[in-house]
Amino acid sequence: MITWKNKPLIPDHNINADGEMIELGIEIHQIIELLENGKEVSQRKKGIIEKWCHRGQIIYIVAIEDYDDYWLIRHVGKIRATKEKLKLMRGEQDA
């Protein structure tokens, strides 16, 4: 079983997170890499972690939810890396 921070990492089959992973060609090991290297761009509700990771012209997004015994992968996606999105990742605010 693949773990992150000492808890199993499980795709949410009910909301098709596993299908998103297949569609994007991302495996569970890459999810861990995105969680380790990604940045939290916005604050989510308690227990939800969303990380963004910039790779070339793409930003990959992973959202997981913390359950007591495991992490549930809620969403895996990608967006185009625009100047605005990259500023957001760096924490820069428009004046």
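The model is predicted, so local features need pLDDT of at least 70 and side-chain atom pairs count only at pLDDT 80 or more, while totals for chains, interfaces and linings use all residues. Residues are numbered from 1 along each chain as its sequence is written, and side-chain values use heavy atoms, with hydrogens and water left out. The secondary structure of the protein comes to three helices and five strands, where helices (H or I, at least four residues) and strands (E, at least two) are DSSP runs numbered from the N terminus. Read from the N terminus on, these elements follow the order β-β-α-α-β-β-β-α.

**Overall form**

- The radius of gyration of the protein is 13 Å, close to the 12 Å that the globule rule gives for 95 residues, so the protein is as compact as a globular protein of that length; the radius is taken over C-alpha atoms, and the rule is 2.2 Å times the number of residues to the power 0.38.
- Taken along the principal axes, the box filled by the C-alpha atoms of the protein is roughly 45 × 30 × 20 Å.
- Of the 95 residues in the protein, 40% are buried, where buried means under 20% relative accessible area, exposed means over 50%, and partly exposed lies in between (1.4 Å probe, protein chains only).
- Among the contacts in the protein with a separation of 6 or more, 46% come from residues 24 or more positions apart, a contact being heavy atoms within 4.5 Å.

**The sheet**

- The five strands form an open sheet in the order E1-E2-E5-E4-E3, with mixed pairing; two strands pair if DSSP finds at least two bridges between them.
- Strand E1 (3–4) and E3 are the edge strands, and each of them pairs on one side only.
- E4 and E5 run antiparallel and are joined by nine bridges, and the hairpin that joins E4 to E5 passes through four residues.
- Along this pairing, Glu65 has Leu72 in E5 as its bridge partner, and Asp66 stands opposite Trp71 in E5.
- E2 and E5, by contrast, pair in the parallel sense over three bridges, and Pro11 stands opposite Ile73 in E5.

**The helices**

- The buried residues of H1 are Ala17, Glu20 and Met21; seen down the axis of H1, they fall within an arc of 100°, so they line one face of the helix, the arc being that of the directions from the helix axis to the C-beta atoms.
- What covers these buried residues of H1 includes E2, H2 and E5, whereas Ile22 and Glu23, on the other side of H1, are exposed.
- Just after H1, Gly25 takes a positive phi of about 75°.
- H2 lies across E1, strand E2 (7–11), E3, E4 and E5, and runs at about 95° to E3; axes are lines fitted to C-alpha atoms, for helices over the stretch in contact, and angles run from 0 to 180 degrees between N-to-C directions.
- Helix H3 (residues 83–90) lies across E3, E4 and E5, and runs at about 125° to E3.

**The nonpolar cores**

- The largest nonpolar core has 18 residues, of which Trp4, Leu9, Ile31, Leu35, Ile64 and Ile73 touch the most other members; such a core is a set of buried Ala, Val, Leu, Ile, Met, Phe, Trp, Tyr and Cys residues joined through side-chain atoms within 4.5 Å.
- At least two residues of this core are supplied by each of helix H1 (17–24), helix H2 (28–37), strand E3 (48–55), strand E4 (58–66) and strand E5 (71–80), and the largest share, five residues, comes from H2.
- Apart from this core lies another, of six residues, among them Val41, Ile61, Ala81 and Met89.
- Not counting residues up to four places away in sequence, Ile31 touches Leu9, Met21, Ile26, Val62, Ile73 and Val76.

**The loop between E1 and E2**

- Lys5 lies in the loop between E1 and E2, counts as exposed at 57% relative accessibility, and has a phi near 50°, a positive value in a residue other than glycine.
- Asn6 lies in the loop between E1 and E2, is exposed with a relative accessible area of 77%, and has a positive phi near 65°.
- Asn6 and Asp68 are 62 residues apart in sequence and 11 Å apart in space, C-alpha to C-alpha.
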